[in-house]
Amino acid sequence: MRVALMIEGQEGVTWEQWLAIARACEESGVEALFRSDHYSGFHGGADGALDAWATLAALAARTEKLRLGTLVSPGTFRHPSVLAKNAVSVDHVSGGRVELGMGAGWHEAEHIQHGFEFRDRSWRLSRFREQLEIVYRQLNENEPFDFRGDHYTLEGSNPLPKPVQRPLPILVGGAAKRGTAEPAVRFASEYNTTFADVDECRRRRAALDRFCTEAGRDPATLPLSLMTSCIVGRDRGELDERRRRLAERLGRPLDEVEGSRRAISGTVGEVAERLREYEQAGVTRVMCQHLLHDDLDVIALLGREVAPAVA
């Protein structure tokens, strides 16, 4: 089981906070920092968002070991050639430390606010399938190729330079349903799901296995990761204080923050045990959503105590 950090960048995270978070990750041994790719907030942040890929490029130049990625970039925000170029650029700046998370897009309100096209789910999934194939081929093929689909047409596409990493990791986000799982089986190096309890992760792992088998891919070559909320404390008092602050930030009752079966919450030992349960359900990596952005002590706990306990 691997442990990474996930930050909801649309919740008013400032550049100074990004730098502090990245430094804390490197100092504490957290292997990877992922960020959302949204333009509008919905977790209590009122100060907007820095662009995901611009932020990652800047962090790539200010870090040395930390892997960086998106969870996930919506197919509705960028042309696939732009997204692939963003990922390659950050990969070069970082010396080969980027991971590209991709999804179909879901948050309708921000599309309306910013003028991004947003149609029904079948349209978004159809567009996403084409985008994923184009990005994969641009990153990995060495000869020019043509692509003609319902949404995109490319002729003689062979953008240079290629990424430092060959292949550059592509994560597809979804709920292990056909619309995202089938293209992921063809092109992704990891499948990421969100806010699922242990039993649901077991079901989603089984579904991915079936899609892999149908396509002739070894299921072991498509790892399943999970992004979910995580609250950890050294003792019960520290844990309860973090829960109280999180409930206040989210504007929710404390019992909602404490009681979700999908949240990973507890002391260091309890969180480590919960992660082992997820591992038994087929999850190989957890991206811990951290919403108290100035609380760098949580990052130290994840890197120095939780991660070693489940490695």
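Residues are classed here as buried when their relative accessible area is under 20%, exposed when over 50%, and partly exposed in between (1.4 Å probe, protein chains only). The structure is a predicted model, in which local features need pLDDT of at least 70 and side-chain atom pairs count only at pLDDT 80 or more, while totals for chains, interfaces and linings use all residues. Residues are numbered from 1 along each chain as its sequence is written, and side-chain values use heavy atoms, with hydrogens and water left out.

Four aromatic pairs were found in a search of the whole structure; rings of Phe, Tyr and Trp (its six-membered ring) are paired if their centres lie within 6.5 Å, and planes under 30 degrees apart count as stacked, over 60 as edge-to-face and the rest as tilted. One of these pairs is formed by Tyr-39 and Phe-77, which are tilted, with 4.9 Å centre to centre and 40 degrees between the planes. The two residues are 38 residues apart: Tyr-39 is in the loop between strand 2 (32-35) and helix 2 (52-62), and Phe-77 is in the loop between strand 4 (73-74) and helix 3 (80-94). Helices (H or I, at least four residues) and strands (E, at least two) are DSSP runs, numbered from the N terminus. Tyr-39 is partly exposed, at a relative accessible area of 26%, whereas Phe-77 is buried at 9%.

Phe-77 also pairs with Phe-116; this pair is stacked, with 4.5 Å centre to centre and 25 degrees between the planes. Phe-116 lies in the loop between helix 4 (108-114) and helix 5 (121-140), so its pairing with Phe-77 ties together parts that are 39 residues apart in sequence. With a relative accessible area of 19%, Phe-116 is buried. Tyr-39, Phe-77 and Phe-116 form one aromatic cluster.

Ala-57 lies in helix 2 and is partly exposed, its relative accessible area being 27%. Ala-57 and Ala-87 are separated by 30 residues in sequence and by 8.9 Å in space, C-alpha to C-alpha. With neighbours within four places in sequence left aside, Ala-57 is in contact with Val-90 and Val-93, contact meaning heavy atoms within 4.5 Å.

Helix 6 (residues 178-187) packs with helix 7 (residues 198-215) at an angle of about 50 degrees, and their axes are 9 Å apart. Helix 6 is therefore oblique to helix 7, where angles under 35 degrees count as roughly parallel, over 145 as roughly antiparallel, 65 to 115 as roughly perpendicular and the rest as oblique. Arg-178, Ala-181, Glu-182 and Val-185 of helix 6 make the contact with Leu-208, Phe-211, Cys-212, Glu-214 and Ala-215 of helix 7.

Most residues other than glycine have a negative phi, and most peptide bonds are trans. A cis peptide bond is present between Leu-71 and Val-72, with omega about -20 degrees; Val-72 is in the loop between strand 3 (67-70) and strand 4. Arg-166 and Pro-167 are likewise joined by a cis peptide bond, with omega about 5 degrees, and Pro-167 is in the loop between strand 7 (153-157) and strand 8 (170-173). Ala-176, in the loop between strand 8 and helix 6, has a positive phi near 65 degrees and is buried at 7% relative accessibility. Phe-195 has a positive phi of about 50 degrees; this residue lies in the loop between strand 9 (190-194) and helix 7 and is partly exposed, with a relative accessible area of 28%.

Note on methods: Axes are lines fitted to C-alpha atoms, for helices over the stretch in contact, and angles run from 0 to 180 degrees between N-to-C directions.
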